[in-house]
Amino acid sequence: MNVLYGLLEPDDGEIIIDGSPRTFANPREAMAAGIGMVHQHFMLVDVFTVTENLMLGREGGPVLNPGAARKRVQELSSRYGMPVEPDALVEDLPVGVQQRVEILKALANDARFLVFDEPTAVLTPQEIDDLMRVMQSLRDEGKGIVFITHKLREVRAIADRITVMRRGAIVGQAQPHSSEADLAELMVGRAVDLRVGKAPAHPAGTRLAVRDLRVANSAGGIVVDGLSFDVAGGEILCVAGVQGNGQSELADALLGNIAPLSGEILMDGVSLAKASPHATITAGMGFVPEDRETDGFVASFSIAENLILNRSTDAEFATGLALNWGAIRDNAEARKEEFDIRAQSVSDPISSLSGGNKQKVILARELSRPLAVLVASQPTRGVDVGAIEFLHKRIVAERDQGTAVLLVSTELDEVEALADRVLVMYRGTLVGIVPPDTPREVLGLMMAGVPFEEATKVEAATPTKEDFHG
Amino acid sequence: MAEAATSQVWRERGRTAAITAGSIVLALLAGAVLMVVSDPDVITQYAYLFTAPALPLGATWAKVSNAYGALLLGAIGSPNALAETAWQAAPLICAGLGVGLGFRAGLFNIGAQGQAIWGSIAAAYLGFTLHLPPVIHVIVAVIGGLIAGAIWGGIVGFLKARTGAHEVIVTIMLNYVALQALSWLLSTPAFLRPGRVDPIAPVIAETAAFPILFRQLNVGFFVALAAAGAVWWLLDRSTLGFAIRAVGANPAAAGTAGMNVPNVTIITMALSGLLCGLAGVQYALGPGADLVATPLSIGLVGTVGFDAITVALLGRSKPLGTVFAGLLFGGLHAGGLAMQSIAQTPLTLSTVLQALIVLFVAAPALVGALLPKVKAPATTSLVGGEA
């Protein structure tokens, strides 16, 4: 997609628009050819207004003309049914509205083709509905839309044609009425069981207790505000919520990466509120970080080295200062076998693996020692469907060994598949803890901050709408 | 790496080696061009380039082959030349190891100069004030120099880890402080040679000097090789080295894995300073050109701290690479002296060659473009860390 938008140069092949081959050296040329891109991470200037963001890159001479730009915002937003306040600062807008600004930006450049790169990751289910409607109206206006996603449900709801890619190559075409299982099979190349075979949980005593936890982010804003919950051994508590509602900071505080402002974290009765990551790991916390590439592994290190990244000083792998390379290699071979890590050799750098196999390395590292608590954030983000199946099974197996599992996920599919209980977080506070069979619409409203009782009432009162996500 | 490398890893290593070799070739070519254009006698011959091409080309060949022949002769042409090369290389290797170790932890230690100065001050002071039996004296002086360098480097690590001060700025400033401290110390009675008023310290006791083995080749060279072995063991075989490499390559992942990133920073800077201090010790306790240890003075350590950066870059922060890089630059320096006296080519040319080699190594794509057979490696990190 970056090639299409002129951010990367193709090694080979061509892009054909209206019958003529085109190459783009930079995004400006791509825009001129009518290609607009809605990035997964918004390319907006936070401290600018909506109008100013729309003017960016198309200032039209040395003198700015905010009046005309403002009119253009209003015109476009009413035409495509995307209400936006032209004078609002982008940083004050909810994520869903910021995304609308991204779309408007592309439209303002007279884009005829719009590329959406994983646009739903940051949205609540209701916002996803809105986005789908916008995409439909864009299509009806004659725009071509490329919608990149790994969520099968969304694909089936919106697509007119489906192209399946695997490892950079097109592996097949599908019709929107194909079943999810068929699509998954195309994506993975073999039949996939989308359901997780999960026995009912047998929760034992509380292993992780969090009391009145308050955490600030690096900018000083309170992002976890008075959170209290318990996780029992042998159960999976899913933390659901739209991205950026304090889940990342909650996980970091549990590990000890950020010190909480106040509150208590107890693991098997031992306080970890002031512990360092080293102390919490040694005490038996497994941790799967949200951002695998940044926090999960060292890209230039070998698979074997990454498999002991947080255990390099354990007696198993080191005698005094000296590393025991024999034991490290044996461990790597055993984990490679056990977790089905697809690699030529354990001494290859981990950067040579696919996303799913990288995640297997991380999970193999965390699950290869006795754990009291497993904190896993977005364990299957950007992972192919085949590996998701495997990772989910391993997490459930860990639960069944009596570990308390706290799973942070923004994907309701994953929450539904794995959770024994669901904790919904909104702006750092707890909206409620509900059973996993709670209807998606109710969960969606809760993720927007509506308490459970109210959400069930609202949901019962509204007639069923077009079903994109349930 | 202790594990058996796969073909993929070996291919990368082969490309890296090809880039280094290509850089040396290109630097020599560029050096040849410089020699020709700076020599009026050869340039005038080029007036006959189209009428009698043998004249300018012959003159060029004579000039270049003469100079590089002398360079080679002076670097490795005789046992004396080899001894000179090893002698020149020893401090470069030590300081290069120090700078390279910093690189591996993602730290740009520009302060090798200051750390080497302190190493030389401490070693020289212990060398001329104490009166100890032969072997013990030299060991005490070496340890003193190591500690002085480690403290000077450790200060930087501490400031970075505790206050967030950037190590590049702090080390540059501390270089000035070390130099001025040396010049002040040399004016104090403790360091002033009796009966002298100019800033030069007393000659160190013979018991504190590195024993000479052959001509200028002395124990110091083998100390440098031992240091390289120790750094290799530290990086590839020890838990601390594992942490240093992890912090250098990805501090976020290292922190998430429970490693104490600030402590690793402090320890690495102290060890880096220790190795640079050892370079200073080499100057203070090793024999000079006259085969007697040179007394402490302002310019004793030369520019070893800055040369060390180029050595570490060429050696790609790997201990074995650093040894070869140190030997290469030591050879260039030793050979440069011969080139100056035999071929009347200025010594500065060897400095230019040194700079050009590193410049080409730092731009692998350029080498790949100029020498089509050489393919640039996929990973172009010179420093091994994220420095």
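The model is predicted: local features need pLDDT of at least 70, side-chain atom pairs count only at pLDDT 80 or more, and totals for chains, interfaces and linings use all residues. Residues are numbered from 1 along each chain as its sequence is written, and chains are lettered from A and ligands numbered from 1 in the order in which they are written. Helices (H or I, at least four residues) and strands (E, at least two) are DSSP runs, numbered from the N terminus.

**Helices 5 and 6, chain B**

- Helix 5 (residues 112–129) of chain B packs against helix 6 (residues 134–163) of chain B at about 150°, the axes lying 7 Å apart; axes are lines fitted to C-alpha atoms, for helices over the stretch in contact, and angles run from 0 to 180 degrees between N-to-C directions.
- Helix 5 and helix 6 of chain B are therefore roughly antiparallel (angles over 145 degrees; under 35 is roughly parallel, 65 to 115 roughly perpendicular and the rest oblique).
- The crossing of helix 5 and helix 6 of chain B is right-handed, the near helix being turned clockwise from the far one by less than a right angle.
- Residues in contact (C-beta atoms, placed from the backbone, within 7 Å) include B:W118, B:G119 and B:A122 of helix 5 and B:G145, B:A148 and B:W152 of helix 6 of chain B.
- The residues of this contact comprise 13 nonpolar, nine polar and no charged; Ala, Val, Leu, Ile, Met, Phe, Trp, Tyr, Cys and Pro count as nonpolar, Asp, Glu, Lys and Arg as charged, and the others, Gly among them, as polar.

**Helices 13 and 14, chain B**

- The axes of helix 13 (residues 319–343) and helix 14 (residues 348–362) of chain B come within 8 Å and cross at roughly 155°.
- That angle makes helix 13 of chain B roughly antiparallel to helix 14 of chain B.
- Helix 13 passes helix 14 of chain B in a right-handed crossing.
- Among the contact residues are B:F329, B:L332 and B:M339 of helix 13 and B:L349 and B:L353 of helix 14 of chain B.
- This contact of helix 13 with helix 14 of chain B has five nonpolar, five polar and no charged residues.

**Sheet, chain A**

- Three strands of chain A form an open sheet in the order 3-4-5, with parallel pairing (two strands pair if DSSP finds at least two bridges between them).
- Strand 3 (35–38) and strand 5 (144–148) of chain A are the edge strands, each pairing on one side only.
- Neighbouring strands of this sheet are turned by 15° against each other on average, direction ignored.
- Strand 3 and strand 4 (residues 113–117) of chain A pair in the parallel sense over four bridges, and A:V38 stands opposite A:F116 in strand 4 of chain A.
- Helix 4 (residues 95–108) of chain A packs on the sheet, touching strand 3 and strand 4 of chain A, and its direction makes about 170° with that of strand 3 of chain A.

Notes. Contact = placed C-beta atoms within 7 Å.
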